[in-house]
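Below is a short briefing on one protein model.

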Amino acid sequence: MSASRSTTYKVIGWIAVIALFIWALTGLELTGFQPTTWVLTKSMLSGLVHPDWAYVYIPEGEDLLRSLLETLSISYLGNFVSAVVCIPFAFWAAANMSRFRAVSGTGKLFLSIVRTIPEIIMALIFIKAVGPNAFAGVMALGLHSVGMLGKLYAEAIENMDMGPTEAMTAVGANIWQRMAFAVVPQVIPDFISYTLYRFEINVRSATLLGVIGAGGIGTPLIFALNARQWPRVGIILIGIIVTVSVIDYISGTLRKRIV
């Protein structure tokens, strides 16, 4: 009976997946391609294959290297802000740090609300407050990352071994002594690993935020796209790919050594 029931559930599941796929596919409306699509495609591919190498470094003005450096600065500062700010919220949301489930539940709810707001929305809000500059990007990345890093930090705290904490409690240690000698040494490696992983994501996010004026490489990219300067678009994309790949490699290597 259980085997037949399991088979029935699988069949129902596959039918639901296929039905949802068909429903989503039929909801798309293709009105046709524009007459200039092929011409633009050839120009775009030609520009990407023949990038504007002169844009890599321009001594007297804005260039690729300066824009990438600003993107990395936005990512690093936003990551640093979130890594520090989210620590108390992580302990608030960790279930094993409180006797009452409602306390950790409200902490989890707060972090969920923060991370559901996209970086772009936060960046637009900060742009209205401080203007279209890199500071808006830093604040948007920092605030959004608080929700995600706080969730990961809270999970690291919940997964730690409670034996050292209970042992210190048994010998009369206060809460600060337990935190310093039983909790922090266990969670620090996970905290650093999650922070490095979030930095990888923030580098990509900072690129996107520049498109709406929050600083970084995204700003010259959207200008080049609007002006249809495909060789410049090509060199910017190459710079983004190389930068993200190097950051991913370095971060992944460090995380393997830490964890």
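Which element gives the largest share of the nonpolar patch? Helix α10 does, with seven residues. This is a predicted model, in which local features need pLDDT of at least 70 and side-chain atom pairs count only at pLDDT 80 or more, while totals for chains, interfaces and linings use all residues. Residues are numbered from 1 along each chain as its sequence is written, and side-chain values use heavy atoms, with hydrogens and water left out.

**Nonpolar patch**

- The patch covers about 960 Å² of surface and is made by W53, V184, I188, I192, I238, V242, V246, Y249, I250, L254 and I258.
- Two or more of these residues come from each of α8 (175-210) and α10 (230-258); helices (H or I, at least four residues) and strands (E, at least two) are DSSP runs, numbered from the N terminus.
- Patch members have over 30% relative accessible area and no salt bridge; like charges are joined within 9 Å, and nonpolar side chains (Val, Leu, Ile, Met, Phe, Trp, Tyr) within 5 Å.
- Accessible areas come from the Shrake-Rupley method with a 1.4 Å probe, and for residues only the protein chains shown count as cover.
- One of the patch residues, L254, is placed in helix α10.
- L254 has 38% relative accessibility and therefore counts as partly exposed; the class lies between buried (under 20% relative accessible area) and exposed (over 50%), with a 1.4 Å probe and protein chains only.

**Salt bridges**

- Seven salt bridges are found in the whole structure, each being a side-chain nitrogen of Lys or Arg within 4 Å of a carboxyl oxygen of Asp or Glu.
- R66 and D63 form one of them, at 2.7 Å from N to O.
- In that pair, R66 is partly exposed at 37%, whereas D63 is buried at 0% relative accessibility.
- K108 and E158 pair through their side chains at 2.8 Å, N to O.
- Because K108 lies in helix α4 (residues 101-116) and E158 in helix α6 (residues 134-158), this bridge ties together parts that are 50 residues apart in sequence.
- K108, at 35% relative accessibility, counts as partly exposed, and E158, at 28%, also counts as partly exposed.
- In the bridge between R198 and E119, the closest N and O atoms are 3.6 Å apart.
- R198 belongs to helix α8 and E119 to helix α5 (residues 119-130), so the pair links parts that are 79 residues apart in sequence.
- R198 and E119 are both buried.

**Annotated span**

- An unreviewed UniProt entry lists residues 68-251 as "domain: ABC transmembrane type-1"; UniProt positions are given in the numbering used here, feature names are shortened, and annotations may be inferred rather than shown by experiment.
- In the model, residues 68-251 are 84% helix and 0% strand, and the end C-alpha atoms lie 17 Å apart.

- S251 lies in helix α10 and is buried at 3% relative accessibility.
- The side chains of S251 and E200 make a polar contact at 2.6 Å (a pair of N or O atoms within 3.5 Å; within protein, one must be able to donate a hydrogen and the other to accept it, and residues adjacent in sequence count only if both atoms are side-chain atoms).
- Not counting residues up to four places away in sequence, S251 touches L196, Y197 and E200, where contact means heavy atoms within 4.5 Å.
- F199 is found in helix α8 and counts as buried, at 16% relative accessibility.
- Leaving aside neighbours within four places in sequence, F199 is in contact with L72, S75, Y76, N79 and I247.
- The C-alpha atoms of F199 and N79 are separated by 6.0 Å, although the two residues are 120 residues apart along the chain.
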